[in-house]
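I opened the structure to see what lies inside it. My notes follow.

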Amino acid sequence: MRSLIDIAELSIEEIDELLQRAEDIIANPKKYAHACDGKKLATLFFEPSTRTRLSFEAAMYELGGNVISMASAGSSSATKGESVADTAKTVSCYADVIAMRHPKEGAPYVASINASIPVINAGDGGHNHPTQTLADLLTIYREKGRLNNLTVGFCGDLKFGRTVHSLITALSRYTGIKFVLISPDELKLPSYIKKDIIQKNNLEYVQTTDFEAVLPELDILYMTRVQRERFFNEEDYVRLKDSYILTPDKMKLAKADCSVLHPLPRVNEISVAIDNDPRACYFKQVFNGKIMRMSLILKLLEVEV
Amino acid sequence: MKIDSIQNGIVLDHITAGKGMQIYKLLKLDNLDCSVAIIKNVNSRKMGKKDIIKIDADIDVNMDILGYVDPGVTIDIIRNEELVEKRRVHLPEKLENVLFCKNPRCITTTEQELPHVFRLTDRDNRIYRCIYCDTKTQ
């Protein structure tokens, strides 16, 4: 029985296997329509989410499985003081796989060591969000045809952005990757990720506040939202939220084949006018997220198709 | 200064000078009802000065705490007033309820029954990280 808590738990070979399976799902959706007949996914979301939750649920339905869920975090037994461990043990009696989002970092890990079924981390605080990373990887792979030899820019909230941390971790294992880290000083990438991941893998990186100066060199631009819920102080949020806004004028500086990604939801950091630009890939990312979650569910449930 | 030798017990030797009392507290030696001696600032050829703790009872010492606080400590096992074994401590791979996570977003802040577990991620720089949230020890 295997869970997925951190993207680093997957080897490059396993990621490649998930990508190949995803491509096959896209090419032959009917082949997978009954792959999970009789199986149940429990979505335990202790924090608001639209996209990730719907994506998991759609993924399971498209595999022929069913979904059980709670209406909201407020309606769960957690409000009565039930521990994550007890919740995981209980839900293990009802479902075949759990997808958990929790505001506390490490909660899905605690669930995974107590559950008797696989647990998928669907986001824990500002910590990890491995299935978003799988969506990002499939998007990059489908747009560029490779996951190596890329200059990847991350822009916005690099401090609390769990999707950024997970994607950097995943891409650091490929060769020829250069990271360009664009953020205000207060939202810089945590030093442990720079030190333990980027520098440890001898990867090139640039840290800057000047978005326009580095935009022309990027193969991938990964935009992020400054997340209000990660701040203890509203004033700091208001001051930083509009630090970087991608507009059609700025896009003129980007390469003709630069792919723009965003984990969504967007607030105003990408102008709506960019949506029709063929370089905008963030809605493809949403689709790819569902496909990669299907691929992952099949792997964790050890379903052969 | 003369301190009686011990019959059956252990001697924590080569404690970095000044750390004797910290180790005494961390190992909760004040809970023992046997004789315990903390000897501070003993002359040492190798270390210049060192602390020593003598415990006149056969107890299990938490090697992880010793390894984390002072990895140069040696543990001498005494039987019938004779040194029968000398053990060295090492920087432990894992620490349980020795360090406590300070990250306010960590699951350990709301689930009080969870053990605080840290794993060694950088031996050279003695860095431990919380197994739940990856926060580094200060």
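How much space lies in the largest cavity? I read about 90 Å³ for the largest cavity. A cavity here is a set of points, on a 1 Å grid over the protein atoms alone, where a 1.4 Å probe fits but cannot get out; lining residues have an atom within 4 Å of a point. A volume is the space filled by probe spheres set on the points, with grid points joined across faces, edges and corners.

Ground rules next. This is a predicted model, where local features need pLDDT of at least 70, side-chain atom pairs count only at pLDDT 80 or more, and totals for chains, interfaces and linings use all residues. Residues are numbered from 1 along each chain as its sequence is written, chains are lettered from A and ligands numbered from 1 in the order in which they are written, and side-chain values use heavy atoms, with hydrogens and water left out.

**Cavities**

I counted 2 cavities of 30 Å³ or more. The largest has 13 lining residues; A:R51, A:Q132, A:Q285, A:V286 and A:R293 are the closest to its centre. Helix α11 of chain A gives the largest share of this lining, 5 residues. Helices are DSSP runs of H or I, at least four residues; strands are runs of E, at least two; both are numbered from the N terminus. At least three lining residues come from each of domain 1 (7-128 + 287-300) and domain 2 (130-285) of chain A. Those bounds come from an automatic or database domain assignment.

The second largest cavity holds about 50 Å³. I found A:G156, A:P184 and A:Y244 among the residues that line it.

**Cores**

I looked at the nonpolar cores: buried Ala, Val, Leu, Ile, Met, Phe, Trp, Tyr and Cys residues joined through side-chain atoms within 4.5 Å. Buried means under 20% relative accessible area (1.4 Å probe, protein chains only). The largest core has 58 residues, and A:F154, A:I168 and A:F179 touch the most other members. Helix α11 (residues 282-300) of chain A gives the most to this core, 7 residues. Another core lies apart from it, with 52 residues, including A:F46 and B:Y68.

**Chain B**

I find 2 helices and 8 strands in chain B. Their order from the N terminus is β-α-β-β-α-β-β-β-β-β. Of the 138 residues in chain B, 46% are buried. The C-alpha atoms of chain B fill a box of roughly 50 × 30 × 25 Å along the principal axes.

Notes: Buried < 20%, exposed > 50% of the residue type's maximum accessible area, 1.4 Å probe, protein only. 1 Å grid on protein atoms, 1.4 Å probe; cavity = no way out; pocket = protein on both sides within 12 Å on 5 of 7 lines; lining within 4 Å.
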